[in-house]
Amino acid sequence: MTSINQLNPSVIKHLTLQQAVQIYNSEWWQKYHFGSIHNQALAMKVFDYSVNMGSAPAIKLLQKAYQNNINATAVTVSGELDNNTIVS
């Protein structure tokens, strides 16, 4: 498998679909535990944001949304996916 550290435009251009899926799975989905988020539609959104803007900003958006929309006071805006964020 190609490591994320080995990616450059030339390598990306020649990735197979399977290689790309493996990279997204290991470098984002598994690494940041997005599968732990109870609402999988929401997990997919945070995953998508994470790929495009980085994991900490994406998780912070989720945490701020929880605080603002469902008044989840137990959720701290840290940029880390913790138990309070996963179950909210």
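These legends go with close-up views of a predicted model.

**View 1. Ser 55 and the residues it touches.**
Start with Ser 55, which belongs to helix α4, residues 55–70. Its relative accessible area is 15%, so Ser 55 counts as buried, the cut-off being under 20%. Setting aside neighbours within four places in sequence, you will find Ser 55 in contact with Tyr 32, Ser 50 and Gly 79.

**View 2. Tyr 24 and Trp 28, a tilted ring pair.**
The whole structure holds 6 aromatic pairs. In the pair shown here, Tyr 24 and Trp 28 have ring centres 5.4 Å apart and planes at 40°, so the pair is tilted. Both residues sit in helix α2 (residues 17–30), and because they are 4 residues apart there, about one helical turn separates them. Tyr 24 is partly exposed, with 39% relative accessibility, whereas Trp 28 is buried at 16%.

**View 3. Trp 29 and Phe 47, an edge-to-face ring pair.**
Here the ring centres of Trp 29 and Phe 47 are 5.5 Å apart and the planes meet at 80°, so this pair is edge-to-face. The pair links distant parts of the chain: Trp 29 lies in helix α2 and Phe 47 in helix α3 (residues 40–53), 18 residues apart. Trp 29 and Phe 47 are both buried.

**View 4. The aromatic cluster.**
Step back to see how the rings join up. Ring pairs connect Tyr 24, Trp 28, Trp 29, Tyr 32, Phe 34 and Phe 47 into a cluster.

Notes. Residues are numbered from 1 along each chain as its sequence is written. This is a predicted model: local features need pLDDT of at least 70, side-chain atom pairs count only at pLDDT 80 or more; totals for chains, interfaces and linings use all residues. Side-chain values use heavy atoms; hydrogens and water are left out. Helices (H or I, at least four residues) and strands (E, at least two) are DSSP runs, numbered from the N terminus. Buried means under 20% relative accessible area, exposed over 50%, partly exposed in between (1.4 Å probe, protein chains only). Contact means heavy atoms within 4.5 Å. Rings of Phe, Tyr and Trp (its six-membered ring) pair if their centres lie within 6.5 Å; planes under 30 degrees apart count as stacked, over 60 as edge-to-face and the rest as tilted.
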